[in-house]
Amino acid sequence: MIFDLEFVLSALRIATPLMIVALGVLIAERAGVLFLGAEGVMLCGALFGILGAVYVGDPWMGVVWGLSAGVVMGLVTAVLTVWLPTDQVVMGLAMNIAAIGLTSFIFRIAADDLQQMSPPMGWSAPGALSENPIAAFLFAVPPLAWLAVILYFVVWYMLFRSAPGLLLRSVGQNVKAARSAGINVVLVRTVALALAGGLAGLGGAALTVGWVRSFADDITAGRGFIALAAVYFGRWYPRWTLFGCLLFGLGEALALRTQVLGGNAHFYLMIPYLLTVGVLAFAERGCAPREVGKPYEQL
Amino acid sequence: MVEASPGSEAVRLEGISKAFGSFKALDNVSVTLRYGEIHALVGENGAGKSTLMNVLYGILQPSAGRMLVGGQDVGSHWSTRDAIAHQIGMIHQHFSLVMEHSVLDNIVMPTLKWTDLAPKWGQYRERFSELSAQFGFELSPDTLVGKLSVGQRQQVEILKMLYQGAKILILDEPTAVLTPQQSDRLLEMLLQFRDRGYAVVIITHKLEHALDLADHITVLRNGRQIATVAKGEGTIADIARMMVSQEVNTAQRRSRSAVGEVVLDMDNVSLDVDGVALLDKISLQVREGEILGVAGVAGNGQSELAETIIGLQSTTAGSISIYGKELGTTSVEARRRGGIAIIPEDRHAHAVVGEMDIASNFIMGHEGEPQFSRRGILNRKNIAEFAKHCIAEFDVRTRSAETKLEFLSGGNQQKVVIGRELSANPRLIIAHEPARGLDFAATAYIRQRLVQAAEAGAGVLLISSDLDELMELSTRVVVLYCGRAVGTVDADAYDPQHFGSLMAGAEAA
Ligand SMILES: Nc1ncnc2c1ncn2[C@@H]1O[C@H](COP(=O)(O)OP(=O)(O)OP(=O)(O)O)[C@@H](O)[C@H]1O
Ligand SMILES: [Mg+2]
């Protein structure tokens, strides 16, 4: 049987990094900055996550390293696209290419230490519960997947119910209105990008530390872009964004399963990406926050 | 906060200067605002009115001068946050509302704190209803602002200021986008504010409003303060003379040329959207050499009329022809190339790109013409020359043609739109509120240009809420009511009473 609990778990493992990165992209774009560099930031988070996990010997420290690397990258993005400001598309693409070079370079230096897999992340059900299939399943769900779900609620509440959320969304929709309300647009976007970078880095760590447990060149393979697509698919709402990520997770899990059917493995790996393109093509066109992509110049 | 007693000083601006690069937008301007008084700020387009108020509101930092609020020098770190904290509120010339957010969200946004994780939405809602009731607004807090009419958006802006607890109200050309009825209501409201002890600043191009309302009028010209006149110390003519450097000829004349062929022929045109007839069997003709006026209370089909002719909306029934050739479903581009020019009501939505320079905005839509480009390559030299020519011809106050359009004053942006549309030698001109935001000299000039265009053989469809403008320029005026043409009036046989009842739909059977 193709669809069993293991299949669901595998889909969740795949979707977790996407969900976390997508939340980051969502925050950045809600503040009016195009976060095309998400892919590169994720890649850095993936590498530093592994480094942390291996050198400290604790996967959770890997998560912290990945997150910190992401925050730094997010701040770099802020300096380039908000403070200067330069073109957000060009800068995003440049960040992605730079990240590939940087991570490959550091990976070569640390290659000897990264031979073995990083320590596993997870918890096992206490003896009494391990017999219960539901409890066993809940404990088998990767910890970072739980974190992603919690983050989803936090981000949703913060964006759509709290005061800072409304202020941030106003910056993303109309800088004139925001300025007229006395909001410091540059500061808000800097903070938003630090958060977004942190989440993208965390997502990268979730990919390596939480799932694959090793690093390889360009291991993210476009997942940052998939997260970006999920945000567009979700029309800049957390709920639908999350749904988009899960859909991709299911698609890839399916591809992994169907590989056993034989044939060219790359064909199956194409499925989730095709699915993404298809869903995007047919998804009702949403309206991006108005200021996304527009450089903001202070008078 | 100091208690604001009527007559006490609210704000004193002393010797304010503001330079953008080497250009002096403000030069040593001093103004005092008092509680319980209305202060009007007048001047030509680009005189520096908005700039002065943006300085007071903390949007722009002055290059020189000092500001005293409530008698205290505010120093050099004056931000919008500070202005709001000192009970200053401002409505900008171009609205600053978030269209995608609800009315309530827009109104409370400026008062929210970054640290407030659990805002008391229920309380805000109550405070909102109280304020709306107090000032007689009828707004639903949950409607998206983008779905509101312009008049209602203005109300949201006003409520936003009041909600902040502003006692010093700045309104930058608040009546420019309003119909005469709406603007009368607004002006009455300003008097009400004054009587309640607020300090009010109004920027306007309607000198009669300034004279009626204001206790003091400050006249700016080219960034310099020409005079501050107290109530009753000057007439419209005096103030007009102070505003402009040279005498303007405001004499209007109607096109006298004989009318020729039919340019625009609308035959039973209807437009239904979601079962609502926005246009209902409209038939009208515009001939060469004629200015046909369109009157009506705003929202009775004027925008739709303009949009169906230019092709932004497709009709549900009927036909529109230019020189007998039916337009059918031809694209906007083809229609423009075919000689239709349009000065739309909302320049930001439909006519200009703020992030692009003035020259580009001048050729937008005509960039494919041989004089501007060959095989897709733009001819910079010709474009620059053309822009320079237009800037001089339409008196656009700017330092260069490379300035981004958004840095122009509101009225000068409008001149760019008009310049582009009239320079294309159109056969049909749709002018929707063409004088919106223009000072009186520019208004006179534009009206004269429309008349000249008609005399040169173009047909002009003038859609306006300004009855004087309609009667002065057009020979006939069609009245719209609920999407229907309920009557046509000869300008020579104008009878205000009859006209009013037409506009109110009293004669629409
Ligand atoms: N950010 C800016 N950068 C450069 N120049 C500017 C900027 N803002 C305004 N200006 C210039 O300063 C001058 C004054 O502009 P301002 O907007 O104050 O005019 P205004 O009196 O409000 O005119 P209007 O009646 O047309 O609104 C204009 O010449 C304008 O081009
Ligand atoms: Mg202005």
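Mentor: A definition is needed at the outset: Ala, Val, Leu, Ile, Met, Phe, Trp, Tyr, Cys and Pro count as nonpolar, Asp, Glu, Lys and Arg as charged, and the others, Gly among them, as polar. Please also keep in mind that this is a predicted model.

Trainee: How many polar residues does the shell around ligand 1 have?

Mentor: The shell consists of 22 residues, with Gly46(B), Ser50(B), Thr51(B), Ser409(B) and Gly411(B) the closest. Seven residues of the shell are nonpolar and five are charged. The number of polar residues is ten.

Trainee: Which side chain has an N or O atom 2.7 Å from an oxygen atom of ligand 1?

Mentor: Asn45(B) places a polar side-chain atom 2.9 Å from an oxygen atom of the ligand. Arg399(B) has a polar side-chain atom 3.2 Å from a nitrogen atom of ligand 1. The distance of 2.7 Å to a ligand oxygen belongs to Ser409(B).

Trainee: What percentage of the area that ligand 1 exposes when taken alone does the protein bury?

Mentor: Ligand 1 lies between chains A and B. Taken alone, ligand 1 exposes 640 Å². Of that area, the protein buries 92%.

Trainee: Which element gives the largest share of the shell around ligand 1?

Mentor: In chain B, domain 1 (9–243) and domain 3 (356–421) each supply at least three residues to the shell. The elements giving two or more residues are β2 (23–34), α1 (49–56) and α14 (410–423) of chain B. The largest share, three residues, comes from α1(B).

Conventions: Residues are numbered from 1 along each chain as its sequence is written. Chains are lettered from A and ligands numbered from 1 in the order in which they are written. This is a predicted model: local features need pLDDT of at least 70, side-chain atom pairs count only at pLDDT 80 or more; totals for chains, interfaces and linings use all residues. Side-chain values use heavy atoms; hydrogens and water are left out. A residue is near a molecule or strand if one of its heavy atoms lies within 4 Å of it. A polar contact is a pair of N or O atoms within 3.5 Å; within protein, one must be able to donate a hydrogen and the other to accept it, and residues adjacent in sequence count only if both atoms are side-chain atoms. Accessible areas come from the Shrake-Rupley method with a 1.4 Å probe; for residues, only the protein chains shown count as cover. Helices (H or I, at least four residues) and strands (E, at least two) are DSSP runs, numbered from the N terminus. Domain bounds come from an automatic or database domain assignment.
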